[in-house]
Amino acid sequence: MNSTPVRVSRLGYVNFETPDVQRLTEYYTKVLGFALVDESPQQVFLTTGNDHHCVVIDKAEAARGRSVVGYEIQEDLDSAQRRLKEAGLATERRTDIGPGTPDVLVLTEPETGAGLHLYESQTPSGVTATFDQRPSKLGHVAAYTPSTDGMRTFYESAMGFRWADSIGDFFVFLRCNADHHAANFMQSDTYQGMHHIAYEARDLNHLQIMIDNLARQGYRLYWGPGRHAVGHNIFTYHEDPDGNHIELFTQLDVMLDEEKGYYEPRPWHEHFPMKPTTWEADALAMNAWGPLPPHGLKR
Ligand SMILES: [Fe+2]
């Protein structure tokens with residue numbers, strides 16, 4: 001692919017397929033505090049803020065996370081479609097995707113078959129901001145892939161992402177704006193589909209409110225709090241009612257100055273300047289504070 005990549009500027013939304021729409025909707029609204037914007041028996045739209053939605057729940061036979069990922073792009077859809085075609089990628093222009101996204105460019109993610117939606121903007125949700133447990137935003141979504149190299153090439157050359165970090169030769173982190181990563185991919189010959197999805201807390205106090213609320217609703221963390229060395233976010237992980245892995249995090253690295261090419265210095269950084277790097281696949285990369293996840297470094 002030699003054409004100029006599309007300018008993806010933000011992770012917008014992720015779709016979840018589930019046999020029990022009501023149960024997953026209750027989890028998002030009552031446990032995580034999302035606002036419900038639109039619903040039918042087949043589909044529910046949820047948001048954390050001004051965008052019409054950042055989570056879509058679809059009725060399906062079986063649970064499946066990350067069936068679709070929506071990205072906002074910083075250019076018009078006509079030029080994006082033209083250049084993706086030049087890059088040899090098939091796209092379809094759709095005006096019937098659903099509420100909130102009246103004009104969408106649809107393509108298929110290589111390697112995984114997940115749907116990718118590109119759009120210029122969403123209809124405003126009309127939702128008022130809250131200061132309860134509701135996350136500040138959808139942060140990133142991670143997936144398994146048979147080839148991290150193949151996925152990195154696609155996201156860099158077609159979608160305009162930048163390499164953020166890697167762990168060994170099996171986990172790659174990619175960013176589309178200042179945030180350390182919006183998409184990350186773990187190589188696996190065994191697993192496929194979503195690895196985890198992550199929602200951002202404003203700060204450590206907000207993260208505590210989220211977790212106290214999880215506990216009150218009967219949800220227990222299976223890992224964390226800890227600090228990933230890769231991205232340096234303070235993390236926690238639990239499972240939603242469908243068994244999807246949910247990360248709640250804060251303090252993710254940011255690269256505010258692309259010219260400098262390093263992450264804004266933080267006191268917990270292991271070295272300065274903290275540039276994109278390939279980390280050793282060891283305990284530090286996974287958790288600078290201590291324990292490995294219960295399943296270890298398994299792929
Ligand atoms: Fe994460």
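Into which domains is the protein chain divided?

1. The protein chain falls into domain 1 (8-119) and domain 2 (137-286), with bounds from an automatic or database domain assignment. The model is predicted, so that local features need pLDDT of at least 70 and side-chain atom pairs count only at pLDDT 80 or more, while totals for chains, interfaces and linings use all residues. Residues are numbered from 1 along each chain as its sequence is written, and side-chain values use heavy atoms, with hydrogens and water left out.

2. The C-alpha centres of domain 1 and domain 2 are 20 Å apart. Contact (heavy atoms within 4.5 Å) joins 35 residues of domain 1 to 37 residues of domain 2. About 2700 Å² is buried between the domains, and carbon and sulfur atoms give 67% of this area; buried area is the accessible area (1.4 Å probe) that two parts lose on being put together, summed over both. Within domain 1, the most area is lost to domain 2 by Leu11, Tyr27 and Glu111, together 21% of what that side buries.

3. One salt bridge is counted between domain 1 and domain 2, the term requiring a side-chain nitrogen of Lys or Arg within 4 Å of a carboxyl oxygen of Asp or Glu. Arg23 and Asp242 form a salt bridge in which the closest N and O atoms are 2.8 Å apart.

4. Which elements each supply at least two residues of the side of domain 1 that touches domain 2? They are strand E1 (8-18), helix H1 (21-31), strand E5 (64-73) and strand E8 (115-119); helices (H or I, at least four residues) and strands (E, at least two) are DSSP runs, numbered from the N terminus. E1 gives the largest share of that side, 10 residues.

5. The structure holds 19 aromatic pairs, that is, rings of Phe, Tyr and Trp (its six-membered ring) with centres within 6.5 Å; planes under 30 degrees apart count as stacked, over 60 as edge-to-face and the rest as tilted. One of them is the edge-to-face pair of Tyr71 and Tyr155, at 6.4 Å centre to centre and 70° between the planes. This pair links distant parts of the chain, with Tyr71 in strand E5 and Tyr155 in helix H3 (residues 148-157), 84 residues apart.

6. Some backbone values deserve attention. Most residues other than glycine have a negative phi, and most peptide bonds are trans. The Gly224 to Pro225 peptide bond is cis, with omega near 5°, and Pro225 lies in strand E14 (residues 223-227). The bond from Phe272 to Pro273 is also cis, with omega near -5°. Glu111 has a positive phi, near 75°, and is found in the loop between strand E7 (104-108) and E8.
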